[in-house]
Amino acid sequence: MAQRIDYYNVAPDALDIIGKMDKHTQTTDIDRKLRELIRLRASQINGCALCLYMHNTAALKMGETEQRVYCISAWEECEFYTEAEKVALELTEHVTLIPTKRVPDQLYQRVRKHYDEKQYVDLVLIITQINTWNRIAIAMGHTPTEK
C-alpha cells in the first residue's frame, strides 16, 4: 500500500505536537529498552507494520537481545523478562485494548509495586503515544519499504 497522504506536510503543527510528546517519553526514567518493548507490543496488537519495523530495529540497535524482541508477543510465558517488565507489558496490553480490557485496580496495584506514581504516568504516556503513532501510520497507509 502506498502512503495515502504526506501527513507531515499536510499537518506539520499537529505532527510537531505529537513529536514533542514523543521526545518527552524518551526522557523518562523508564528503561529505554523497556520503552522499545512496550512500543513493539502495542504495535503488534495494533498490526502496525511501520512501527514494528522501526521499533524492532531500534531495540536491536540499543542492545536488546533478539530473543527478547522476537518473543515479545509471548512475554507471559518467558522467564527472561523481569516481573517489572512483565507488568509493564501487561499494562501495555490493557491500555492498548482499553475498550475491552480497561485497567483494573489489581493491575494498577501490581504496576505500582514496581513503579512509582511518576513512572506509572510515564508508562501510560509511552503506551498512548505509540498507540497514537500506530493509528496515524495505519490510517495513512504508511508502511515500511524494503531495504
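Tutor: Start with a pair of helices. Helix α6 and helix α8 (residues 105-112) pack at an angle of about 145 degrees, with their axes 9 Å apart. Axes are lines fitted to C-alpha atoms, for helices over the stretch in contact, and angles run from 0 to 180 degrees between N-to-C directions. Helices (H or I, at least four residues) are DSSP runs, numbered from the N terminus. This is a predicted model: local features need pLDDT of at least 70, side-chain atom pairs count only at pLDDT 80 or more, and totals for chains, interfaces and linings use all residues. Residues are numbered from 1 along each chain as its sequence is written, and side-chain values use heavy atoms, with hydrogens and water left out.

Student: Which residues of α6 and α8 make the contact?

Tutor: Contact means heavy atoms within 4.5 Å. Here α6 supplies Val-87, Glu-90, Leu-91 and His-94, and α8 supplies Leu-107, Arg-110 and Val-111. By class there are 4 nonpolar, 1 polar and 2 charged residues. Ala, Val, Leu, Ile, Met, Phe, Trp, Tyr, Cys and Pro count as nonpolar, Asp, Glu, Lys and Arg as charged, and the others, Gly among them, as polar.

Student: At what angle do α6 and α9 cross?

Tutor: The axes of α6 (residues 83-96) and α9 (residues 117-139) come within 10 Å and cross at roughly 50 degrees. That makes α6 oblique to α9. Angles under 35 degrees count as roughly parallel, over 145 as roughly antiparallel, 65 to 115 as roughly perpendicular and the rest as oblique.

Student: Which residues meet there?

Tutor: Among them are Leu-91, Thr-92 and Thr-96 in α6, and Ile-127, Asn-131 and Arg-135 in α9. The contact divides into 7 nonpolar, 4 polar and 1 charged.

Student: Is Asn-131 buried or exposed?

Tutor: Buried means under 20% relative accessible area, exposed over 50%, partly exposed in between (1.4 Å probe, protein chains only). Asn-131 has 7% relative accessibility, so it counts as buried.

Student: What does the side chain of Asn-131 make a polar contact with?

Tutor: A polar contact is a pair of N or O atoms within 3.5 Å; within protein, one must be able to donate a hydrogen and the other to accept it, and residues adjacent in sequence count only if both atoms are side-chain atoms. The Asn-131 side chain pairs with that of Arg-135 at 2.9 Å. One of its polar atoms also lies 2.8 Å from the backbone oxygen of Ile-127.

Student: Where is Ile-136 found?

Tutor: In helix α9. Ile-136 is buried, at 16% relative accessible area. Not counting residues up to four places away in sequence, Ile-136 touches Tyr-7 and Ile-18.

Terms used
Helix = DSSP H or I, 4+ residues; strand = E, 2+ residues; numbered from the N terminus.
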